[in-house]
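Hello,

Here is the structure you will be taking over. My notes on it follow below.

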Amino acid sequence: MNVSLNWLQERLDFGSRSLEEVCDLLTFAGIEIEGVHETGVKSDQIVVAEIKEALQHPDADRLKVTKVDAGEGSLRQIVCGATNYKVGDKVPCCLPGAELPGGFKIGETKMRGVESRGMLAAGSEIGLTDKEDGLLILDPDSQPGTPVKELFESDTLIEVEITPNRPDLLSHSGLARELAALLHTTVNPVTVSHPTEIAEDPKIVTVDSTTCPFYSLVAIKGVTVAPSPDWLAKKLKAIGLRPINNIVDITNYVLHEIGQPLHAFDAAKVSGAIHVRQATPGEAFTALDEESYKLNEFDCVISDQRGTPLALAGVMGGLDSGVTEATTDILLESAYFTTSEIRATSRRHSLGSDSSYRFERGVDPQNVLRASTLAAALIVEIAGGNPEPRTITAGKLPDPLPDVELDIERMLQLLDESISHDEASAILTRLGLSSDDGKVWRIPSWRADLERSADLVEEIARVHGLDQIPSRTGGTVVDASPIDEEYDRLLDLKKNLVTLGFFEARTIKLIAENQLRDCLPLRPLQEGDLVAVARPLSEDHALLRPALTAGLIAVAENNLRQGAKSLRFFEAGRQFRNVGGGKTCDLEADSVALLLGGEAQPLSWARNHSRSLDLYDLKAAIETALGGRTIQFALRPRDGFLLSGDIQLAGKPIGTFAQVLPSRAREMGCKFPLYLAELDQKKILAARQTSFQVDPLPQFPGSSRDIAMELPLNTSNAEIERALAKHRDPLLVSAICFDEFTDPSGEKMAADKRSIAYSFGYRSEKGTMKQEEIDAAHERLQAHLKKSLPVTFR
């Protein structure tokens, strides 16, 4: 919620407290301050200047050379490009040294060879609003040299985040009331005249909906719809609202002043009596946002005698019954709606407003008639007209809130005797509660969140200050749980990836349908696997992600737009699928996804070229993250990817890998191959090696033998690695592939064959190996390979 400091200070005096101190006070009281923004002219170096002369620039058709009187005793020359002024006008002049919004400082310069000693400014350039295109023309009675800030009111906008249980703070008066309790001061309340006669008349208003316990309506005839006066328009602009007309602006003002939403109907567009009812299934309603909505029996509408829906109760008015410039008679609505039904309607139609935001959290029932009276008085004052002598009502306001008994002994115990009973009573009294004995407290109508003694103790502690309560116990040491251990293993895995040059990404769990092409789920998706959002906020948030890779592709795309030459990202998070359909089959599992591509190393003076990262860099990164465990890539086609397969550890799948299609890479603006991997978090954390055995350095020399193997062209390196892993000869200590050869022409080798050369290392821990021992070990290896693979040795 946006709060105007000037508006707030009309309700209470901060005394000697600065704005920073007040914001800190609110923060420690549980009211979060999201931001503070100053508006208006801030610099003393922006002054009134009278234009004395304006001549054409000798070297620019669209510039003029002006001489202005800025109250300095001599004229100042400034080059200006605006055209909406004349000699004799008074305008803002930014002198050298003036700081404009955004931190830009004005200095002396030359424009097309002509000296310019400052700047003549438009309103938006100095923190004000533009009234016309060009310079801000000031009051002709303004004296040259007067700081412009003295002519215009400045303000400070405070962005406040209000928790759902405190709807009483969703207004300037409500926040002022809270601050008064914290500052030990009093509130200057809004002056409201006595309401008109209250009467029920079924011929004018009827209520047939549990969503609306109470409804009131007052008719005002002979109003003149026109722009709002400056004071009202300024208040609304100060909190970011656009003034519309005096009637609508008054309802918005009352909402932000005391927190009660109102709505004004054009009486000429209403036929007969007002009827508050449930909508009929499929009933159409066109709201003020010009969108049409199909209602159901759970929605509450305000309709007229013909049944035409005039407003979606508590959410938004209708387009066809709104106030326009031609309106002369209005019906002013003020009502009390139940929170859960308004919340459900707002969510169901993805339709929100300032009114629904307050109704779905709960408004003060005692403000319903008070707000109507205040708005009616303002309408008569500003727009003229004659209000009807009666305010017509239907239904009943909620009963007063029940009293709450304060457990004094428990309160003193919880606050460690840091506050006395009298001091606690004073705090509750400042918050608007009342009591005859200091034990049983009457709860004000705006504090429906206070239901039990613990709530009162929390209020006392909050206002008293948690920092005033002494700490009696330190932290308690407990044994690590399995959840703690899994978190620690995941954190170690992330640290390993970061040391390898990867950056962690955090992406949203909701994706668009067109992002499914970037998903690399652990298991291929089947029909019905996707989990769709019933009422997505936008098309970009239509599905729960079945894999994390879609988010990494989006991150890569953003980085490519910023000119990134190397991409290394990972994300650990949850993915979703609806296996077999039905809610009971929904699965949520954690994955770790990696994306890699681009330059392996940045260019430097010692290296004028860099190789591109490839699939083996991805494999090496995964093996390192797993603590040195050896993995295999087994090919398995996946739709939408150039190269893909399973990632296996000890013959069991732990994830999947793929290369992005070149066409998709070009669409992203990527000029190098991109590789993806998605790993099952549970499996890799269980398999990750965390303890290591240190082997002593070899004491005896080893020897190596090379083998050139001729294999079918479709034999993968993973098959060779699996065969070597099954050969458990203690003398074989290493196997390195160093060459591969194919001949598509078939001249030197059959076209359906390939030659792969390996170097094998042998060593014994018992002593230096003899030639015969090495040959025997090598022959055993050849025999094993011949038995395991369709291989011939060259």
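**Salt bridges**

The side chains of E459 and R462 are joined by a salt bridge, with 2.6 Å from N to O. A salt bridge here is a side-chain nitrogen of Lys or Arg within 4 Å of a carboxyl oxygen of Asp or Glu. E459 and R462 are about one helical turn apart because they are three residues apart in helix 11. Helices (H or I, at least four residues) and strands (E, at least two) are DSSP runs, numbered from the N terminus. Both E459 and R462 are buried. Buried means under 20% relative accessible area, exposed means over 50%, and partly exposed is in between (1.4 Å probe, protein chains only).

Before the rest, a note on the source: this is a predicted model, in which local features need pLDDT of at least 70 and side-chain atom pairs count only at pLDDT 80 or more, while totals for chains, interfaces and linings use all residues. Residues are numbered from 1 along each chain as its sequence is written, and side-chain values use heavy atoms, with hydrogens and water left out.

R636 and D646 form another salt bridge, and their closest N and O atoms are 3.2 Å apart. This pair links distant parts of the chain, 10 residues apart: R636 is in the loop between strand 33 (631-635) and strand 34 (641-649), and D646 is in strand 34. R636 counts as partly exposed because its relative accessibility is 36%. D646, at 13% relative accessibility, counts as buried. There is also a network, in which salt bridges that share partners join R166, D168, E178, R447, D449, E459 and R462.

A salt bridge also connects the side chains of E108 and R117, at 3.8 Å from N to O. E108 has a relative accessible area of 49%, so E108 is partly exposed. R117 is partly exposed too, with a relative accessible area of 24%. Over the whole structure, a search finds 42 salt bridges.

**A negative patch**

E125, D130, E132 and D133 form a negative surface patch. Patches are made of residues with over 30% relative accessible area and no salt bridge; like charges are joined within 9 Å, and nonpolar side chains (Val, Leu, Ile, Met, Phe, Trp, Tyr) within 5 Å. Lys and Arg count as positive and Asp and Glu as negative, while His and the chain ends are not counted. The place of a charge is taken as NZ of Lys, CZ of Arg, CG of Asp or CD of Glu. Accessible areas come from the Shrake-Rupley method with a 1.4 Å probe, and for residues only the protein chains shown count as cover. E125 is in the loop between strand 9 (119-120) and strand 10 (155-161). E125 is partly exposed, at 36% relative accessibility.

**Positive phi angles**

R112 is not a glycine, yet its phi is positive, at about 55°. R112 sits in the loop between strand 7 (109-111) and strand 8 (114-116), and R112 counts as exposed because its relative accessibility is 54%. H184 is a residue other than glycine with a positive phi, near 60°. The loop between helix 3 (172-183) and strand 11 (197-200) holds H184, which is exposed, with a relative accessible area of 57%.

**Three further residues**

V457 is in helix 11 (residues 453-464). V457 is buried, at 6% relative accessibility. Not counting residues up to four places away in sequence, V457 touches L406, M411 and L414; contact means heavy atoms within 4.5 Å. From V457 to L428 is 29 residues in sequence and 9.5 Å in space, C-alpha to C-alpha.

G118 lies in the loop between strand 8 and strand 9 and counts as buried at 10% relative accessibility. Leaving aside neighbours within four places in sequence, the contacts of G118 are I78, C94, P96, I106 and G107. G118 and V270 are 152 residues apart in sequence, and their C-alpha atoms are 58 Å apart in space.

E539 is in the loop between strand 29 (531-532) and strand 30 (543-544). At 73% relative accessibility, E539 is exposed. With neighbours within four places in sequence left aside, E539 is in contact with A512 and E513. E539 and A512 are 27 residues apart along the chain, and 5.9 Å separates their C-alpha atoms.

Regards
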